[in-house]
Amino acid sequence: MKQFKIRRILMEKGAENDSLAKKILKELPNIPIENVEPDELAPREDIEEMDKQSLRMIHFNGEFLKPCPGTRKYICCGYQILNIGINCPMDCSYCFLQSYINQPSLRIFSNLEYHLKVIDDIIDTSPDRIFRIGTGEFTDSLSLDYLTGWTDFLLPFFSGRKNCILELKTKTSCIKGLIKSSYRKNIVVAWSLNTPRIIANEEHKTASLKRRILAAQECQKAGFVLGFHFDPLINYPGWEDGYEEAVQVLEKYIDPESIIWVSLGSFRYMPNLKRAIKRRFPGIDIFDGEFVTGLDGKFRYFKPIRVEMYAKVSERLKKWYDDLGLYLCMESDDVWKKSLGWSPKNSANLCSYLDNRVRKLMAE
Amino acid sequence: MVPGLEITMPAGVGIPFAARISFDSYSNSRILSPCVDSNTVDTISQDSTCQEEKAIVSLPKIVLKYSLLIELGTILLKVSIMKKRLLKSSPLHVEITDVDLTPGPFCMSFNFNLEPLKASIGGFGILNPPYLLRNSDDNFTVVAGYRRLLAARELGRSDIVCQILPDDFPPFEALLLNLRDNLVHRHLNSVERGMVLKRLTRFLKKEEILTNFMHILGIPSNKQTLDLFLGLEELEDTIRISVATERLSLRVAGLIRGMSRDDRLSIAGLFICLKWSFNQQWEAIQWITEIASREGCSIKEVLDEGEFTQVLKNHRMNNPQKVKAIVKTLKARRFPSLVEAEGLFKKGLSNLALPSRVRIIPPSFFEGVDYRLEIAFSKGQELRAKLAELSHLPGLESVTDFWKGIAQR
């Protein structure tokens, strides 16, 4: 299993007594520790380069459970984000965190376990609602699990709830913690997938397509429900063959019946992200497509290009299995209809559609 | 913070920041603040050197930017400077041919007009002597007064009186001397500021330059900007001149620095031969580089194509028309599907025969789904007539489909 290089631990005042911090110190006995103040400003260069080899322990005082920052301008899935940390040791060139975060380092919220009770209260106050919760929005759900042991306490916690599922989204093959756990109920293990070319050129330090899918196969065999996310779809000469290849690998190793959902989302970015990416990855060609300003201010591929990509990839996926729970991430009603042949029309209906997938797959 | 002498002056609340400070004009001070009122200097010459050992110093609020330490909030104004040391130099008649007049290690002059200085020197002589250092060839290196020497040479002078600095005069201090001399009385163009920074790197770490010099030069203090300025000296003269004269955007210069020489000169040529706004340059350079990347060719190859050269050679078009035509061509190549969709929509509308002064406006980039109908009218009756005409207009149902069905390239 891949272990990422950590050169120092930054211990924020207040985090030193948190259980997660103590566990990490035990896992990394020979790594230098620097005690830092929570409000200490990081050097600008560290912020820009993201300082992915420093692990910062933070006694987090913010909200651990928050709705996904979607947009009212497009149809969103009503996902909830469990904030376990920010930043990730891998280095995808297109990652939105490059312009989103204003602090460097791999930031781990060391008091997470203690705050799960608060999440419990939130979930319990809406017993009829299904909470689809994920940890893979601001970090990779599994890349640091070998240090943090997130799966050790998140799996038992969410498996015991009635009205929620936890989705662990990753680009790694770090599944050791999952496999050794005895909890399966309400847990979705999901992989972000792309073409071999995009993985090789843009998703630096991540697992290859095959390794991801082999890890997914292992999880499936171990009884986990799976999810897959083709996001971001990137338009480049030969993209059709690339995504065809990705689906073929899925087809070869994965049983489609226990897939809860497959999402499709095209590459989109805020204007300042382009600057950050071009600075960090000179010569990058992912901006060569025809991007226009979307309704939410993000740049997206011109609509007919998005439709063509969604239609072709979804058609191929449906050919493999026609009940994969396909959905589009942050798209409009007309794009849904033209791409998938149907539309949930609004975010509430998309939520219901995905909640029904939860009911269907988790009840089985 | 530079360790140095602290000068404390009493000042009352509300009293303007003005004080008498004694200091020698060529001390090794790093304060780099104006030593005399710039108007006074301007009346001496365009390229003069502060010569007075004691000067009345006006400290307007802007000095805050220059000084290394100013504490407000008390009645004390503190200024930290390095220890004072009298500058020792000796006057000497120097043959101009004995002076190395290539831009040397202390030079920070680029793309200047010598004529006003020649007129001044022609009329009154050199009021403030250049400062020189003797070099290893027993000739002289210019510390300050580079342009005065050039002007004198152009005026046919064979020798002038210069001040010769001691042989052990530290080069870093010589550089500061010239920098301060320049800063007090003139604006340095971007290339000149780059020259200053480049020369400072011989003596200082980048961090030190960022902290102590960027703001003095009026440049945002960050590493990227420092690197941008440091790289200017590597660029070809045509490009540097365009940057110095603000014909070419500094940002664009930074971007083209990483390109091959052919690409760089080709793109700079396009921006220099026509007058583009900096925003237009920035947008165009993005499109050109992305077109080259999309089409797998070089920037030079993109720009050498007939469609651009035809526009440039078209004598019936004026400058803005040429820029507009080039932008249009670039857009069509950068966004072929979008431009095709826009064309189809326009064509569809033109076939509709809309009433006069009626417009249908599509959503931006066709991203939204709402189209707008705009009717200009001066009387209610006119509005009613236009609405009636519109309600019977065949083909209106297809308005939102005009642009669809385009093939992706």
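Residues are numbered from 1 along each chain as its sequence is written, and chains are lettered from A, with ligands numbered from 1, in the order in which they are written. Because the model is predicted, local features need pLDDT of at least 70 and side-chain atom pairs count only at pLDDT 80 or more, while totals for chains, interfaces and linings use all residues; side-chain values use heavy atoms, with hydrogens and water left out.

**View 1. The contact between chain A and chain B.** Chain A brings 28 residues to the contact and chain B brings 22 residues, where contact means heavy atoms within 4.5 Å. The area buried between the two chains is about 2,000 Å², and carbon and sulfur atoms give 49% of it; buried area is the accessible area (1.4 Å probe) that two parts lose on being put together, summed over both. On the side of chain A, D288(A), E290(A) and F302(A) lose the most area to chain B, together 31% of what that side buries.

**View 2. A salt bridge across the interface.** The side chains of K274(A) and E290(B) meet in a salt bridge at 2.8 Å, N to O, a salt bridge being a side-chain nitrogen of Lys or Arg within 4 Å of a carboxyl oxygen of Asp or Glu. Across the interface of chain A and chain B, three salt bridges are found by this rule.

**View 3. A cis peptide bond in chain A.** The peptide bond that runs from D231(A) to P232(A) is cis, with omega near 10°. P232(A) has its place in strand β13 (residues 225-233) of chain A; strands (E, at least two residues) and helices (H or I, at least four) are DSSP runs, numbered from the N terminus.

**View 4. S105(A), a residue with positive phi.** Although S105(A) is not a glycine, its phi is positive, at about 75°. S105(A) lies in the loop between α3 (97-100) and β8 (106-109) of chain A, and with 1% relative accessibility it counts as buried, a word used for residues under 20% relative accessible area, whereas exposed means over 50% and partly exposed in between (1.4 Å probe, protein chains only).

**View 5. R357(B), a residue with positive phi.** In R357(B), which is a residue other than glycine, phi is positive and near 60°. R357(B) is found in the loop between α16 (336-352) and β10 (358-361) of chain B, and R357(B) is partly exposed, with a relative accessible area of 48%.
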